[in-house]
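Here are a few exercises to work through with the model open in your viewer. Try each task before you read its solution.

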Amino acid sequence: METIDAIMAEHPFFKGLDPSVLKIVGGCGSNVRINAGEYLFHEGDEADRFYAVRHGMVALEIYVPQREQVTIQTVGAGDLIGWSWLFPPHVYEFSARAIEMVRATSFDGACLRRKCDEDTAMGYELMKRLAQVISQRLGATRLQLLDIYGPAVHTK
Amino acid sequence: MVSPNSKVTLERDRLQVLLDAIRVEGFRILGPTVRDEAIVYDDVSRVEDLPIGWTDEQEAGRYRLCKRSDQEVFGFISGPHSPKQFLFLPQEIIWKVVREGNGFRFVDTPRTCAPLAFFGVRSCDLRAIDIQDKVFMPVDPRYRARREKTLIVAVQCGLAGKTCFCASMGTGPRATGNFDLALTEIFEKPRHYFLVELGTERGADIMEHVPHLGATASDLEKAEAATRRALSQMGRTMETSDVKDLLYRNYEHPQWDDVAKRCLTCANCTLVCPTCFCGTLKDTTDLSGDQSERWRQWDSCFNLEHSYLHGGNIRPSPKARYRQWMTHKLATWQDQFGTSGCVGCGRCITWCPVGIDITAEVRAIRDSENRHGND
Amino acid sequence: MDPLCIQSDPDLTPRLFRVIRHQRELHDTVTLELESGEGSPLYFCAGQFNMLYVFGIGEVPISISGSPHEPGPLVHTIRSAGAVTQAISGLKRGQTLGVRGPFGQGWPLEAATGQDLVIIAGGIGLAPLRPAVRQVIAYRERYGKVSLLVGARTPDDLLYPAELKEWRSRFDLQVHITVDSAGADWRSHVGVVTMLISKAEFEAGETVAMICGPEVMMRFCVMELRKRGVAAENTYVSMERNMKCAVGYCGHCQIGPKFVCKDGPVFPLTHLEPFFSMRGV
């Protein structure tokens with residue numbers, strides 16, 4: 001059976017990282033399988049983990065009264081879920097539900113924070129990659145915000 | 001016996017015979033007349049209808065009709081009108097449609113009218129007709145029908161105004177073709193006459209019925225002198241060799257913000273311009289709701305709704321609209337139709353209420369580039 | 001046989017067509033099937049449009065949404081956005097519409113022979129692309145890998161859902177659908193349509209992209225495709241501007257030197273730059 005760091009090396013987020021770094025980060029990780037319909041975490045839960053999805057689609061949901069759970073984004077193989085483990089108050093701002101069976105590598109946030117504090121060079125590498133993911137997600141969200149398919153707005 | 005491409009002379013007191021010879025062929029003659037303190041195009045049947053002894057003083061945002069000290073017939077520049085309004089009508093019916101049963105039926109609208117003769121067309125306006133031909137001839141049957149029967153008697157300019165820049169645009173002051181007859185007025189007391197250039201068979205046929213004399217070398221020299229005089233008086237200039245590329249690479253130039261502070265988007269320039277061709281289509285119904293007509297009317301890119309697209313306007317700001325007008329006129333028109341859209345008649349400069357000068361705007365953009373070394 | 005790409009004679013008054021089918025697609029969108037008075041079909045290329053005339057109200061440009069390679073009724077999908085489209089949407093079976101057209105340049109299905117295709121449709125943009133997809137399927141052997149990426153506001157705003165389902169079931173077509181937001185019963189992507197480009201399989205150097213949707217969406221798709229290495233001359237967009245005459249003499253539909261009615265509405269990006277990315281032009 002493949003070691004965690006070998007599996008991680010194939011994931012786009014970790015691709016290119018030094019094998020020694022992969023080993024350290026892998027030390028905080030474990031492989032998980034989530035069945036279709038089950039939640040990886042709920043909005044408001046303590047954000048102690050982040051997930052590198054290897055297979056399957058996950059719906060990111062926000063609860064809106066009268067609309068129940070609204071899916072605002074789906075992510076899949078090769079994507080990352082969750083960065084609230086980085087910053088206090090470490091609370092998930094959305095729920096994550098497996099639409100189909102999902103295989104992911106789940107990382108202990110507190111463990112990773114500790115290792116990043118110890119090895120700041122490694123921490124910087126991870127931070128750079130995370131920043132890129134967050135930036136891409138932000139760009140996509142901005143486009144969604146424009147509601148481009150919405151009804152035509154008549155100017156006065 | 002006169003033939004096309006030859007030249008003859010016509011005495012001033014025989015000018016009426018020329019007008020009559022044209023009218024007898026069934027033409028409706030349109031020429032310059034004085035009305036409302038300006039020289040405007042209107043029906044002309046007698047020589048006295050023409051602006052004899054009148055001239056105009058033009059500058060940016062200024063037009064004044066003044067009396068001349070002599071009785072020259074064509075001693076003026078140009079008024080707010082051009083032949084455009086008789087070929088590309090300000091309002092024209094496109095179709096009539098009536099309700100019938102569960103649907104409707106289109107009714108034929110007649111396209112005939114008396115053939116037009118333009119009397120006194122200057123070189124700039126002649127070129128403008130050429131330019132509009134390229135826009136309308138391939139696609140507008142009504143324009144085609146009017147244009148194919150049009151007779152043109154051009155007038156070679158012997159003077160130029162302060163807003164004229166046809167020389168820069170390569171459209172004058174001398175008309176070199178596309179006319180049936182071209183007159184150059186020569187007034188050297190006591191003789192007052194016209195050099196007449198015969199441009200076509202039709203022009204030659206008409207001159208057959210008008211008493212004329214041969215043209216001498218001296219007559220030709222006097223006509224050339226008139227052209228030289230016009231050239232020397234040219235009020236404005238525009239460097240045109242690279243104007244297309246200059247404007248294409250300066251869509252974000254701060255000069256557009258500058259002119260936007262002055263421009264009222266009143267659309268005067270587009271109304272007086274002899275080449276502007278924007279038109280809008282309007283469908284109307286009568287009170288019974290059983291008959292509908294579609295009309296085409298002049299429009300202007302300065303109108304806010306010109307660029308309306310469900311939800312808003314593509315060009316909401318005066319800056320965007322002025323930029324559209326000027327870049328179309330001088331740059332994109334070349335890629336669309338193979339010529340510049342501007343003939344240098346200067347009307348847009350004269351009739352702009354705030355005196356915006358298209359030649360100055362181009363100069364401002366070019367000069368700033370030269371200063372910054374094309375940054 | 002390849003359909004003919006002709007332009008209508010600019011001189012003609014509209015042909016009379018009768019509504020033979022009226023189908024509501026979405027709360028603000030209907031599809032009409034039309035038959036001409038004299039019975040002769042209207043030949044068109046995928047991507048072309050007609051000017052639809054409602055008695056006494058006016059005309060609008062609407063792209064043709066049927067199958068170019070098969071004779072049949074004229075099909076138009078209309079979204080209500082103003083007086084004329086509202087009136088068209090209200091027409092019932094048996095009522096009459098005026099049709100002028102077809103006009104414009106269509107999708108480059110000839111030129112794209114031998115290439116991979118990436119077809120991206122946003123919202124009502126699927127209407128002008130449907131003829132292209134149908135024609136590609138009819139002549140499937142001419143093309144390499146074909147991906148269809150569709151974006152809409154919510155699952156309830158997807159156009160032609162039955163046909164989309166049929167296309168999804170084909171083995172020779174990659175179909176990815178995304179919406180801006182959805183409820184719990186939506187099992188496909190949620191997110192902006194540019195996201196789907198990374199999921200499509202194509203060889204960038206041998207790809208023709210055809211995009212239709214809101215201009216802002218097309219702009220971002222173009223950027224994403226460029227990042228993937230698809231050349232500007234192989235990226236086609238369908239543009240919209242205020243249109244009146246449809247034959248290039250009223251001056252309204254210009255984008256820089258191009259007239260959307262006769263030089264477009266479909267353009268390779270190279271014909272539109274630099275104006276495509278400019279503001280207020």
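Two strands count as paired if DSSP finds at least two bridges between them. Keep that in mind for the first exercise, and remember that this is a predicted model.

**Exercise 1. Find the strand pair in chain A that holds A:L60, and name the residue opposite A:L60.**

Step 1: go to strand β4 of chain A, residues 58-64. Step 2: look for its antiparallel partner β5(A), which it pairs with over seven bridges. That passes the cut-off of at least two bridges. Step 3: read across from A:L60, and you land on A:Q73 in β5(A).

**Exercise 2. Work out the strand order of the open four-stranded sheet in chain A, and say which strands sit at its edges.**

Step 1: a reminder that strands of a sheet pair through backbone hydrogen bonds, either parallel or antiparallel. Step 2: trace the sheet, and you get β2-β7-β4-β5 of chain A, with antiparallel pairing. Step 3: look for strands that pair on one side only; these are β2 (39-41) and β5 (68-75) of chain A.

**Exercise 3. Describe the overall build of chain A: how many helices and strands does chain A have, and in what order do they run?**

Step 1: count four helices and eight strands. Step 2: walk from the N terminus, and the elements read α-α-β-β-β-β-β-β-β-β-α-α. Step 3: take the extent of the C-alpha trace of chain A, about 60 × 35 × 30 Å along its principal axes. Step 4: check burial; of the 156 residues of chain A, 32% count as buried. Step 5: turn to contacts in chain A with a separation of 6 or more, where residues 24 or more positions apart account for 73%.

Methods: Residues numbered from 1 in each chain as written. Chains lettered and ligands numbered in written order. Predicted model: local features only at pLDDT ≥ 70, side-chain atom pairs only at ≥ 80, totals over all residues. Helix = DSSP H or I, 4+ residues; strand = E, 2+ residues; numbered from the N terminus. Buried ≥ 20, exposed ≤ 12 C-beta atoms within 10 Å, placed from the backbone. Contact = placed C-beta atoms within 7 Å.
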